[in-house]
Amino acid sequence: MDTFASTTVLLVRRNGRVCMASDGQVTMNNSTVMKSSAHKVRRAGKGQVLVGFAGGGADALALFSRLEAKLDEFAGNLERAVVELAKEWRTDRALRQLQAMILVSDRDRSFLVSGAGELLQPDEEDATLAIGSGANYALAAARALLRHTEMGAVEVVREAMKIAAEICIFTNDRLTVEEL
């Protein structure tokens with residue numbers, strides 16, 4: 001069976017701005033780049049919520065659709081929507097099989113959501129989250145840039161993703177960048 005490995009998604013919050021970016025690479029069987037310009041960051045909640053996903057593409061899109069429905073159901077309340085999505089993802093037989101993770105953010109809050117029921121928010125002093133194969137590289141670069149520069153969220157995300165692409169073989173420098 002063919003397996004796909006790919007994706008670095010990074011979220012940075014600084015000076016009242018939040019920025020999320022993903023690379024575009026999709027790799028099959030750890031050996032072949034199948035696509036170099038996939039879009040793994042999208043807007044939801046009438047454009048007020050950023051969603052980035054890593055893992056199986058169809059699984060991630062199914063979760064994106066579920067999240068949009070939860071945002072509608074709870075009148076745009078992001079925290080309630082992600083809590084309910086995490087509960088449903090963990091308990092629903094079909095959803096439990098989905099192999100993906102998502103980052104979700106509005107102007108005020110950010111969350112990492114996974115199928116095992118994890119629902120994480122970054123610490124107040126650490127305004128970053130990352131998922132995917134290059135997550136640790138991008139996260140480390142972003143934290144260093146936040147600590148040692150005055151760069152804005154967009155610049156930090158772009159530079160950290162560039163660094164991740166230089167290190168992780170499953171990450172490229174074709175970025176999708178969204179900002180709130």
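How many residues apart in helix H2 are Lys87 and Glu84, and about how many helical turns separate them? They sit three residues apart, which puts about one helical turn between them.

Before the close-ups, a quick orientation. This is a predicted model, where local features need pLDDT of at least 70, side-chain atom pairs count only at pLDDT 80 or more, and totals for chains, interfaces and linings use all residues. Residues are numbered from 1 along each chain as its sequence is written, and side-chain values use heavy atoms, leaving out hydrogens and water.

View 1. Arg80 and Glu84 are four residues apart in H2, so about one helical turn separates them. As a rule, an α-helix has 3.6 residues a turn, so residues three or four places apart point the same way. Glu84 is buried at 18% relative accessible area, while Lys87 at 39% is partly exposed and so is Arg80 at 43%. (Buried is under 20% relative accessible area, exposed is over 50%, and partly exposed is in between, using a 1.4 Å probe and protein chains only.)

**View 2. Arg66 reaches across to Glu88.** The closest N and O atoms of this salt bridge are 2.3 Å apart. The pair ties together distant parts of the chain, 22 residues apart: Arg66 belongs to helix H1 (residues 57–73) and Glu88 to helix H2 (residues 78–91). Helices here are DSSP runs of H or I with at least four residues, numbered from the N terminus. Arg66 is partly exposed, at 34% relative accessibility.

**View 3. Helix H2 from its cap onwards.** Asn77 caps the N-terminal end of H2, placing a side-chain oxygen 3.3 Å from the backbone nitrogen of Glu79. Among the buried residues of H2 are Leu78, Ala81, Val82, Leu85 and Trp89.

Terms used
A salt bridge is a side-chain nitrogen of Lys or Arg within 4 Å of a carboxyl oxygen of Asp or Glu. Helices (H or I, at least four residues) and strands (E, at least two) are DSSP runs, numbered from the N terminus. A polar contact is a pair of N or O atoms within 3.5 Å; within protein, one must be able to donate a hydrogen and the other to accept it, and residues adjacent in sequence count only if both atoms are side-chain atoms.
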